[in-house]
Structure formats: C-alpha cells, structure tokens
Amino acid sequence: MARLWAVVVKEFLQVRRDRMTFAMILGIPLIQLILFGFAINSDPKHLPAAILLADDGPQGRTLLYGIQNSSYFDFTRALRTELEARQALARGEVQFVISIPENFSRELLRGKQPSVLVEADATDPSATGQAIASLRSLLDSSLQNDLKGPLSFLAGTEGPVDLRIHPLYNPDAITQYNIVPGLMGVVLTMEMVMITGLAMTRERERGTMENLLSMPTRPVEVLMGKIIPYVLLGYVQVTLILIAARFLFHVPMVGNIILLLLVALIFIAANLAMGVTISTVAKNQLQAMQMAFFFFLPSILLSGFMFPFRGMPHWAQMIGEILPLTHFLRIVRGILLKGNGVKEVSLQVWQIALFATIALSIGIKRYRRTLD
Amino acid sequence: MSDALAIDVRGMTKRFGRLTAVDHIDLQVRAGEICGFLGPNGSGKTTFIRMLCGLLRPDDGQGTCLGENVITGSEEIKRQVGYMTQRFSFWEDLSIVENLDFVARMYSVKNRREAVRSSIERLGLGERQKQLAGQLSGGWKQRLALAACMIHDPKLLLLDEPTAGVDPKARRDFWEEIHRLAAEGLTFLIATHYMDEAERCHRLAYIAKGKLLTHGTVSEVIAEAHLTTWSVSGPDLLALSDQLQGRPGVQQAVAFGNALHVSGGDAAALEQAIQPFRTSPHEWRQVESGLEDVFIHLMDETHHNALE
Ligand SMILES: Nc1ncnc2c1ncn2[C@@H]1O[C@H](COP(=O)(O)OP(=O)(O)OP(=O)(O)O)[C@@H](O)[C@H]1O
Ligand SMILES: [Mg+2]
C-alpha cells in the first residue's frame with residue numbers, strides 16, 4: 001500500500017512538472033468540447049445552389065423567391081447553360097442546380113403540371129437529404145398565393161408542379177460511396193501523423209539524439225530522412241483501401257486512378273510533414289501522441305468526413321479549409337465518384353501543398369541542433 | 001608530434017539555470033596528445049566535452065578546436081571529431097553492422113563497405129555482426145560505440161568514459177590502440193574515473209565543480225599537490241584510521257589494499273601527528289604520493305571549500 005501511494009505521488013509530481021502535458025490534459029477536452037459541440041450539425045442549411053431560369057413569366061419568379069427565402073438554399077449564382085451547371089456541380093461550387101423550364105408560368109396556369117428539375121450533388125447523401133425532402137412543400141407553399149380563387153383547382157391533389165430530382169454521382173444515396181473514399185484520407189492522416197510524430201521524440205527519449213546531433217547533418221536531411229520511408233507505407237495503405245473500395249464496397253471509380261495516386265503523394269507528404277513538426281515541438285512520446293490526436297480529431301470532424309461540411313457554421317468551415325484532409329476528401333470523392341480531372345482538382349491540390357510547405361518549414365525552424 | 005594545438009579554448013562556461021556546470025575553463029591540448037579528463041561525478045566533464053563538439057552552446061568562452069572556431073565552426077568540427085557519449089547512444093533496434101553502416105553514411109566515409117568491414121574485424125565481432133546492438137552486453141556496447149566513433153578517421157577523439165564496464169584485457173588492448181593512434185597524430189580527450197588510465201595519459205586535466213584545478217603531466221600534477229604520504233601496514237587498520245582522522249596535519253587516511261595511506265600537505269605536521277602511532281605491530285614507511293592520493297586530496301579540498 002505504501003509503495004502504491006509512493007507511485008501515485010511520484011506520478012503526480014512528474015505530471016505537474018511536465019507543464020506541457022498538464023496543459024494538454026486540461027486543454028484538449030475543453031477545446032474539443034467547445035469546438036465540436038457547436039460544430040456538428042446533421043441538418044445542413046444554406047446550401048449553395050444555382051438556378052437555370054428559362055421562364056420569363058411571373059410564376060417562375062415567385063418560385064425562385066420562395067426557394068431563396070427558405071433556409072435550405074442560398075442562390076450563389078445564376079447560370080445560363082446546362083454545361084455550366086454541370087461544371088459547377090463537379091467542382092463542388094454548388095450543391096444544387098434548380099432548372100425552371102421555358103413556358104413554366106404558362107403551363108402552370110393551364111394546369112399542365114410543368115416540371116421543375118433539381119440536380120443535386122449527392123456524393124454525401126446526408127448533406128442533401130433534408131433539403132430535398134423540404135422541396136416539395138416549399139414549392140407548394142410558395143405558389144400558394146398565386147393560385148388562389150379560380151386558380152385554386154390547380155393546386156390539385158398532385159400539386160401544381162412536377163418536381164423531378166436528379167441525385168447525381170451517388171444516385172442511390174449509398175453512404176459507403178461517400179464514406180469509403182473518405183476513409184482513405186482519414187486513415188492516412190492518422191497513420192502518417194502518428195508515425196512521424198514519434199520519430200524525433202523517440203530519438204530524444206532513447207538518448208540517441210545526442211549521437212545524431214554530434215554527426216554533421218542539416219535539419220532538412222534528418223527530417224526528410226524521417227519522412228520518405230513512410231511515404232511508401234502510405235502508398236501501401238492507399239492501395240489496400242482502393243482495393244477494398246472496389247471489391248468490397250463496389251464503390252464506382254469513374255475517374256483516373258493514376259491522378260488519384262499522384263495527388264495522394266502530396267497528401268501523404270503533408271501529413272508526414274505535420275508529424276515531424278509535432279515531433280520537433282513535443283518533448284516526449286506522450287506529448288507527441290497527444291498532439292497527433294489534437295490534429296486528428298478536427299481532421300475527422302471538421303473536414304466533411306463525419307458530418308456534411310456545409311452543415312457546419314462558418315468559423316468551423318474556416319478551420320476545415322486549413323486541414324489537408326478536407327481538400328483530399330473533395331479530391332478523392334471528386335475523382336472516384338464524379339470523374340473529375342486535373343482541372344477540377346488543382347485548386348485543392350495547391351491548398352494541400354501549401355499546408356505541407358508551411359508545416360515542414362516550421363519543423364525545420366524548430367529543429368534543435370543542440371541539446372540545450 | 002607537432003606543436004599545433006588540437007584544442008585551444010579559453011573561458012568556456014556553461015550554466016544550467018542557476019548552476020554553473022562549467023566555469024571558465026581554459027584547456028590546451030597539443031595534436032597527438034592523450035589528455036586525461038578527470039573529476040568527481042557532476043563536475044562538468046560531459047558538459048565541457050559537449051561544448052567542444054557543438055552539442056551545447058557555451059554561455060561564455062572562445063577558442064578553436066582543430067583550428068575551427070568552437071562557437072561558429074561546429075559543423076566543420078563535427079566532421080573531424082569522433083565523440084563517444086557517456087551513455088550508450090547507438091540504435092538498439094539496429095544490428096551492429098547497421099549501426100556502423102549508418103554512422104559511416106552520415107560521415108560520408110569513402111569505401112564505406114570496406115571501412116565497416118575492417119571496423120568489425122578490429123572489434124572482433126565478426127560472427128555477431130547481425131546481432132541487435134540492444135542485445136549486446138554492457139562492455140560490448142561500449143566497444144561498439146568506440147569502433148563507431150572512429151569509423152570516419154577523426155582527427156580528434158572526445159571519449160566520455162569509454163572503458164566504463166569494459167574488462168581488463170579489452171581495456172589494455174584499448175589503451176594500446178590509443179597510444180598507437182596518438183603516435184600517428186590523433187588527439188584524445190578522455191574522461192575517466194580510473195587511476196591506472198589517468199597514469200597512461202600524456203597530460204591530465206582535473207576539474208571539480210566546473211573549475212579546472214590542475215593541468216599538467218602526471219608528475220607535475222603530483223608535485224604540484226605538495227603532498228606527503230605515509231603507508232602503514234599491520235592489524236586493525238580501520239581503528240587506526242579512525243584515530244588518525246582529524247588530527248592536525250593529517251588530511252586523509254585512505255585504505256589501499258592491505259595498507260593505509262596517510263597524507264598531509266605539511267610534512268612536519270604530519271610526521272608529528274603520526275608519531276604516537278609508530279609502534280609495533282604497525283609498520284610505517286614514507287612513500288611517494290600517487291595520483292590517487294592526490295585526487296582524493298583534491299576532492300576533499302573542494303568538498304571542504306564548498307562547506308565553508
Ligand atoms: N541538461 C542539463 N540541465 C541541467 N543541468 C545539467 C544538464 N546537464 C548537466 N547538468 C548538471 O551539470 C553538472 C555537470 O554535469 P556533467 O554531466 O557535465 O558531469 P560529469 O563530470 O560528466 O559527471 P559524471 O562523472 O557523473 O559523468 C551536474 O551538476 C549536472 O547535474
Ligand atoms: Mg559525465
């Protein structure tokens with residue numbers, strides 16, 4: 001019993017002396033509680049939508065205002081051609097394209113039940129589900145004022161308009177199609193950051209750092225030397241996940257796999273850079289682990305992997321935009337499900353590369369050439 | 001041997017918070033010389049060596065190491081220095097060859113394979129070269145570390161207690177090798193706690209509490225201490241030692257095997273102090289003070305000074 005107590009006291013003293021670990025033990029739960037408690041929202045609103053309005057009658061306009069006033073859709077732009085609409089959807093600039101055909105007003109008044117076409121980016125079914133479900137009643141209620149008195153018969157039993165919804169890319173709303181490619185990014189983030197995160201702290205803890213530092217090397221050499229071997233490991237994981245996605249989950253692979261593999265290289269490098277940077281800051285392996293998790297949790301929760309990106313408040317999206325995983329998810333889903341090519345993914349690739357560069361620069365700057 | 005100085009530093013100082021671990025140490029070591037570096041535990045030997053090879057930034061001090069500035073030229077110094085750490089610092093999860101190979105690569109050794117092979121051969125580790133370094137016994141780890149820090153043909157070797165835990169035969173081989181290399185012009189700074197090793201050095205530097213107390217050849221160091229030593233043999237030396245301790249003129253009474261060494265700085269006072277005890281069955285004779293007498297004397301002095 002005395003020995004047990006001695007150990008308790010000793011551990012307590014050590015933790016108290018280890019300021020950084022102590023701060024993290026307190027800080028991490030608090031920060032994450034605040035961060036994710038507010039951020040997670042499975043009923044995303046204000047989704048960006050575009051409109052293709054070919055009708056010049058008053059009812060088309062009424063419909064437009066009605067949709068715009070609902071909290072689910074934000075019209076970010078007006079489009080003229082079907083091609084433009086497709087591109088905006090592929091790049092992920094909008095989640096919906098709503099087309100109101102020519103002669104909509106006229107046909108409506110004739111009781112011909114004109115059609116309204118809604119194309120939705122359904123890569124992530126949970127992001128679009130609620131909005132689509134609300135559309136029917138939204139259309140009916142916005143046209144209600146126009147269809148009063150003698151026209152009230154038009155509201156009819158089947159509704160005044162014929163609503164057609166085209167969920168694109170993942171028409172059957174199979175969650176796996178969204179989750180499995182995303183998992184590739186998540187697994188890579190976790191593994192890569194963790195592995196290299198321990199790299200430098202392990203040297204310090206085992207006393208081999210003194211030896212390493214007494215040799216003539218530059219920080220870049222040591223840091224890169226610790227990154228490169230794990231790139232291969234990352235590729236092993238990518239391959240495994242792709243094979244599983246194809247044969248286990250039957251995820252469609254519309255796009256170019258070579259392009260995906262190339263982009264994965266940059267993504268892997270970004271995470272490894274993050275890892276070595278952590279290990280130059282952390283004093284021991286436990287701290288490195290904690291920091292890796294501190295990076296990992298927001299990556300999972302704020303990147304659009306777990307919850308629809310657009311369902312998060314603005315500030316959470318800003319944090320998400322910094323994380324490499326956010327961009328990689330868009331790329332993977334884009335390439336596999338939408339068949340995106342170089343043109344569509346290049347912006348996201350640059351954002352990952354920027355992150356990698358900054359992370360590695362911090363690592364090199366923080367690398368200590370001496371023992372003090 | 002040339003007169004060029006391999007190590008020439010002045011005022012080297014290192015502070016850790018309020019503790020001054022190394023306090024304005026000046027040290028000159030000529031090329032081809034073996035300099036023994038002695039001092040009690042915690043006196044600052046390791047800290048001083050780390051400053052020489054650029055592992056710690058000195059708070060004060062200047063000078064050169066192999067002609068390079070110790071403050072600004074540490075990258076160049078690292079290339080030409082072999083540093084053996086006090087604590088085993090090779091990779092325990094790598095095998096012997098892998099460790100040597102890694103070191104050779106880090107120093108861009110020419111004919112790397114050949115260098116590694118001959119290093120293993122000299123070590124006599126031929127059959128065990130695939131064994132993990134972590135599985136070696138303490139003494140063998142030490143020998144591996146020594147081989148590894150010499151693989152790039154350094155001009156200066158900074159060895160921090162290289163023979164701690166090494167068996168006597170291996171230690172003798174080690175010192176023969178060191179003398180052979182010194183004759184070829186290599187310079188050594190060797191931290192050690194062994195007196196027999198100290199006596200094999202060309203020169204000694206003794207530090208305590210971060211300060212350099214004496215510096216010179218073995219006989220210079222002994223002469224400088226002005227110590228008179230008597231050796232007593234006979235029964236009940238322990239009781240005798242108790243009685244002698246603390247008498248005026250007696251600075252220390254230390255057991256050496258079957259004899260007791262009684263020393264003091266003032267020869268006359270010492271002789272007077274031991275006079276009452278010079279009876280049979282004890283046999284007294286004056287001996288030349290040895291290094292150990294001197295070092296114990298130095299340690300006691302710094303201890304007393306610290307208490308005052
Ligand atoms: N990184 C450090 N931080 C704080 N204090 C240190 C550090 N390194 C050494 N010291 C202190 O500096 C003093 C000198 O230590 P150093 O290791 O140089 O002694 P040493 O002569 O090599 O001892 P030993 O014979 O036991 O190896 C000691 O009091 C030690 O506690
Ligand atoms: Mg030491």
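Chain B has a mean pLDDT of 89, and 97% of its residues reach 70 or more; pLDDT is the predictor's confidence in each residue, from 0 to 100. The model is predicted, with local features requiring pLDDT of at least 70 and side-chain atom pairs counting only at pLDDT 80 or more, while totals for chains, interfaces and linings use all residues. Residues are numbered from 1 along each chain as its sequence is written, chains are lettered from A and ligands numbered from 1 in the order in which they are written, and side-chain values use heavy atoms, without hydrogens and water. For the complex, the predictor gives an ipTM of 0.84 and a pTM of 0.76. Where pLDDT is low, predicted coordinates should not be read in detail.

Chain B contains 11 helices and 14 strands. These elements are DSSP runs numbered from the N terminus: helices are H or I with at least four residues, strands are E with at least two. Along the principal axes, the C-alpha atoms of chain B fill a box of roughly 70 × 45 × 40 Å. Chain B has 308 residues, of which 52% count as buried. Buried denotes under 20% relative accessible area, exposed over 50%, and partly exposed in between (1.4 Å probe, protein chains only).

Ligand 1 has 14 residues around it. A residue is near a molecule if one of its heavy atoms lies within 4 Å of it. G42(B), K45(B), T46(B), T47(B) and Q86(B) come nearest to ligand 1. Polar contacts (pairs of N or O atoms within 3.5 Å; within protein, one must be able to donate a hydrogen and the other to accept it, and residues adjacent in sequence count only if both atoms are side-chain atoms) were also computed. A polar side-chain atom of T46(B) lies 2.5 Å from an oxygen atom of ligand 1. For the side chain of T47(B), the distance from an N or O atom to a ligand 1 oxygen is 2.6 Å. The corresponding value for H193(B) is 3.0 Å. Taken alone, ligand 1 exposes 630 Å², and the protein buries 63% of that. Accessible areas come from the Shrake-Rupley method with a 1.4 Å probe; for residues, only the protein chains shown count as cover. α1(B) gives the most, with three residues.

Over all chains, 10 aromatic pairs were found. Rings of Phe, Tyr and Trp (its six-membered ring) pair if their centres lie within 6.5 Å; planes under 30 degrees apart count as stacked, over 60 as edge-to-face and the rest as tilted. F267(A) and F328(A) are stacked, at 4.0 Å centre to centre and 5° between the planes. This pair links distant parts of the chain, 61 residues apart: F267(A) lies in helix α10 (residues 257-281) and F328(A) in helix α13 (residues 324-338) of chain A. Both F267(A) and F328(A) are buried. In chain B, ring pairs link F88(B), F90(B), W91(B) and F102(B) into a cluster.

Helix α13 of chain A also holds K338(A). K338(A) counts as buried because its relative accessibility is 17%. Its side chain reaches the backbone oxygen of A90(A) at 3.4 Å. V222(A) is in helix α9 (residues 219-247) of chain A. At 9% relative accessibility, V222(A) counts as buried.
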